[in-house]
Amino acid sequence: MKINAIARPGGSVRAMATDNSTSEPVFRVENLTKIYRTGDVEVRALNGVDMTLYRGEMAVLLGPSGSGKSTLLNIIGGLDQATGGKVWFGDTELTGCSQRELTRYRRDHVGFVFQFYNLIPSLTAWENVALVTEVSRHPMRPEEALAMVGLDHRMSHFPAQMSGGEQQRVAIARAIAKRPDVLLCDEPTGALDSRTGVLVLEALSRVNAELGTTTAIITHNAGIRQIAHRVFSFLDGRMSDCTVNETRVDPAEVKW
Amino acid sequence: MVAMRMLDRKLLRDLGRLWAQALAVALVMACGVMTLILAMGASRSLEASQSAFYDRYRFASVFAEAVRAPRHLEPRIQSLPGVSAAELRIVKPVIITITGMTEPASGVVVSIPDTGESAVNRLYLRAGRLPGSRVPGEVAVVEAFAAAHGFRPGDRFDVVMNGKARRLSITGIVLSPEFIYAIGPGDMVPDPRRYGILYMSETVLSSAFGMEGAFNDAALTTMRNADTRAVIEGLDGLLAPYGGTGAYGRKDQMSHAFLDSELTQLFAMATIIPPIFLFVSAFLVNMILSRLIALEREQIGLLKAVGYTDLAVGWHYAKLVIVISAVGLAIGCVAGSWLGRGLTRLYGEFFAFPFLIFTHGIDLYAIAATVTVAAALAGASSAIWATVMLPPAVAMRPPSPTQYRSLAGAAVPTNPLFSQLTVMVFRHFLRWPLRSTMTIIGTALSVALLVTALFSFDSIDAMIDTIFFRADRQDATLTFASASGPEAVTRVGDLPGVIRVEPYRSTAVKLKNGRHERRMVIHGLTQQSELSRVLDRDLLPMQPPSSGLVLSERVAALLDLQIGDPVEIELMEFADRKVSVPVTGIAESYVGLAAYMELTALNRLLMEGRRVSGARILVDEDRLDELYAHIKQVPAIASLALQTVSRDRFRETVRQNISYSITIYVTLAIIITFGVIYNSARIQLSERARELASLRVFGFTRAEVSSVLLVELALIVIIAQPLGWLAGYGFAVLMIRGFESDLFRIPLVISQATYATASLVVIGSAVVSALLVRRRVDTLDLIRVLKTRD
């Protein structure tokens, strides 16, 4: 079956170098377009985007709302389908996958973090993470994942008993616990103040550094760009610019 | 003004969006309204038809029979205080022979005064004319009997009257308030084919039965405020010397008693069932409205922020409830009126009314409207109150997240017994205990409703089994024209095809214990009785004890008697001779008020020597026709009851009658289940869309995600089953109690198949509603749900 045939791109985990030529691509995006139609109105959310993300890379996607960055993230995360163009995850063409195959892809390879955490209110922190590890192939233990985000002392708390920053870190623990190949974060600090936002960014950086998980972060906040290997800027459904950070900044030093 | 219109527009759009759920609630309401209108409408229509028929055709209020009383008693009867009119009649059993019908029919012939118009129990003439006075061969017959045989005025048939065969010519088709429900000997339901009421001229009958200057039956109407008891006592005093068997009022008159018990049942249905539906619909309204308001928190805040008063906002949501109620009310009123007419017609066929009066009291609709809207608003009150009380600033912030509790401490299980999906199901279930409980109750009520509807088949089957296969196993019962000596039994034994003969003696009595008293018949049976048997409380045959009286459970309860207690017997056939006899046994009996004695013991009591009233016989089936042909010729036989025909007729009639109500009940139960399950699933879906979408994002399959919702529903439906069985049992007990009368007692029997069928129907409709909701889970818009704030 094709779903099981989706192979992890690349082999062992290596430290990310700025020189991309030595890494294998995780995602290849070619001339991607997405058109939303509501009645007679046609909105071009993506208008011919080309990009490549490499293994172990931390990418920041910047741009005003409506620029197409979220649509791109949703398509490479297997949540949405493209109108035209192609997306490859390793050797698998995601744009040709069925709904069932996309479900399997999300289950095995992708971790998501959203602006509004999306924790299950009826499950504790530990259980929210276990929810995902139960159905994963090579997960870490939930307490391990929670320890990585510095929440090993809050495992039996329900979402309603935690602060926003803590909830977001549980969401990150949940996303990384299955050892995903990619971590896709849509405005992970959007609902947080700067102090808790830093904690969340630290958790993401640590995961990226220690596990080598390819990480894509969408943000409005230009300060966050400094923690990335590469920064992609979006405008009107196109990628307007791509810069490589020669020197990355520690999340604690990010100017908000 | 313009602003109000905007709110109304919002109302319409909300309804458009919620139409499926609103319709489900409206349908549940409609069920309540429908049963109310249906049962109340039918019961009022029947009552109106009954009372119009009684009034216009002067239905008697006191009845009495005697052996042979002189007509010169008439002025003394007329002048009893309170009596407004008296009709003294000759009423005698006849055997009827119809060409082309092998088994003999029986009937009674009633005299009509030579003046033509009776003062009491007047006849409604449907066709033709009344028989001429003094014209020997003319007869009027009741409509049901005529219809069963296709008789029209001018047709002829044969009867055996007082041992003589006669050919009668029909002059007219009539109906009588006295025989709205005409039931033949040995029958449990009317069978107009085998039982007819005939009317003939008084002069003709008195010469046919040797009753010149005499009567054996009196029917009296009384004045408005007359003391019926005093009239009965006075009449008893006058008739006692002439074999009077005790006068009685309407409640002991067969036709009236049956009609009355039917009306009571309808009334019970009108008062027991609708509240169930109103309760469920109030709960559903509460559920839907609470959810809607939770979703519209910010809009409520905004409305208040721009200057709408608290009251205006509250009224806006109240209107939503009122509109839903109005839809339910309209559907219920239309369906109820329509089905009510159907039900009234069905009763009209079963009971012989000359006309039906359909009453549509505006008040009934007004009551239905008030009760329904009130129940709905009561259900909505807490939700509406919450909108009124919500301060705008608070409303515009999202509500604080739901607090959950751990099931068993907060310890982190290292090797969890349940998957996290299962934990989600249980926590959610327990987080909303009231709602979960109400959903369970709603579902259980539909199971209960089905059990209540379906158990009647079991009980009727058990009743048929007991009566026809355990107690009275004879093929036929012959009644002699008068009590006869043992030689009559020998003669019956000589009839062709008769395999076994068992004599019996029956006598009308009044049993008394202190202030309790009841009229009934004592049946005398031989100890060797094999065909007709007395059953004990375990339904096992018991020998009638050689002395003393065996009472059925109901009689014992009515008279407050136990084994060993003495009971006073007033022998009606013997001028109120009174004797005291001990109760020596308690028996089970489902029909009428029963008391049994050993035959010789009864004869000793009556001091008449060895007399019998009739015989029960077992017949060689192959020689039935021969036997029928003979019986028609035997003058001493007054009537013949055929057990098999009776049984089949009973079964058929009961099935016909209950299948109508069962169809209605099953539909209602399905609607409740659907309303409850579909709505709770939809609400859950709306509350948990975000949660479920997240699961889909993490890579859970559609089946896994739906299972979170559906397992909880399944849990609710499963827990509801035993509760529903229990409640159904309770309703069944209430129904049985409601139906219990001196005429009938239905045993409480509920088969496992009934419980299973009830559960299957409910589970089936739950599955359908779950599938409908599942389709929505499958098409959840992941991105949109996740992008929105909770």
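How many residues of chain B are in contact with how many residues of chain A? In this predicted model, 34 residues of chain B are in contact with 32 residues of chain A, where contact means that heavy atoms lie within 4.5 Å. Residues are numbered from 1 along each chain as its sequence is written, while chains are lettered from A and ligands numbered from 1 in the order in which they are written. Because the model is predicted, local features need pLDDT of at least 70 and side-chain atom pairs count only at pLDDT 80 or more, whereas totals for chains, interfaces and linings use all residues, and side-chain values use heavy atoms, with hydrogens and water left out.

- The size of an interface is often given as the accessible area lost when the parts come together.
- Chain B and chain A bury about 3100 Å² between them, and 62% of this lies on carbon and sulfur atoms; buried area here is the accessible area (1.4 Å probe) that two parts lose on being put together, summed over both.
- In chain B, the residues that lose the most area to chain A are B:Q420, B:F698 and B:I783, which together account for 22% of what that side buries.
- Two salt bridges are counted between chain B and chain A, a salt bridge being a side-chain nitrogen of Lys or Arg within 4 Å of a carboxyl oxygen of Asp or Glu.
- The side chains of A:R107 and B:E704 meet in a salt bridge, at 2.3 Å from N to O.
- Seven residue pairs, both at pLDDT 80 or more, are in polar contact across the interface of chain B and chain A; a polar contact is a pair of N or O atoms within 3.5 Å, and within protein one must be able to donate a hydrogen and the other to accept it, while residues adjacent in sequence count only if both atoms are side-chain atoms.
- On the side of chain B that touches chain A, at least two residues each are supplied by α12 (420–431), α18 (643–697), α19 (702–739) and α21 (782–787) of chain B, and the largest share, six residues, comes from α18(B).
- The residues of that side of chain B divide into 16 nonpolar, nine polar and nine charged, where Ala, Val, Leu, Ile, Met, Phe, Trp, Tyr, Cys and Pro count as nonpolar, Asp, Glu, Lys and Arg as charged, and the others, Gly among them, as polar.

**Chain B as a whole**

- Chain B holds 21 helices and 22 strands; helices (H or I, at least four residues) and strands (E, at least two) are DSSP runs, numbered from the N terminus.
- The C-alpha trace of chain B spans about 100 × 65 × 55 Å along its principal axes.
- Of the 790 residues of chain B, 55% count as buried, and buried means under 20% relative accessible area, exposed over 50%, and partly exposed in between (1.4 Å probe, protein chains only).
- Among contacts in chain B between residues at least 6 apart in sequence, 82% join residues at least 24 apart.

- B:S456 is found in helix α13 (residues 433–471) of chain B and is buried, with a relative accessible area of 15%.
- The side chain of B:S456 reaches the backbone oxygen of B:A453 at 2.8 Å, and, leaving aside neighbours within four places in sequence, B:S456 is in contact with B:I658 and B:I662.
- B:A587 lies in strand β19 (residues 577–587) of chain B and counts as buried at 0% relative accessibility.
- Not counting residues up to four places away in sequence, B:A587 touches several residues, including B:V534, B:M542 and B:Y596.
- B:N121, in the loop between β4 (105–112) and β5 (124–128) of chain B, has a positive phi near 50° although this residue is not a glycine, and B:N121 counts as buried at 3% relative accessibility.

- The buried residues of α7(A), among them A:V198, A:L201 and A:L204, pack against β3 (58–62), α5 (142–148), α6 (164–176), β7 (182–186) and β8 (214–219) of chain A.
- A:D193 caps the N-terminal end of α7(A), with a side-chain oxygen 3.1 Å from the backbone nitrogen of A:R195, and α7(A) is followed by A:G212, whose phi is positive, near 70°.
- A:R179 has its place in the loop between α6 and β7 of chain A and is partly exposed, with a relative accessible area of 34%.
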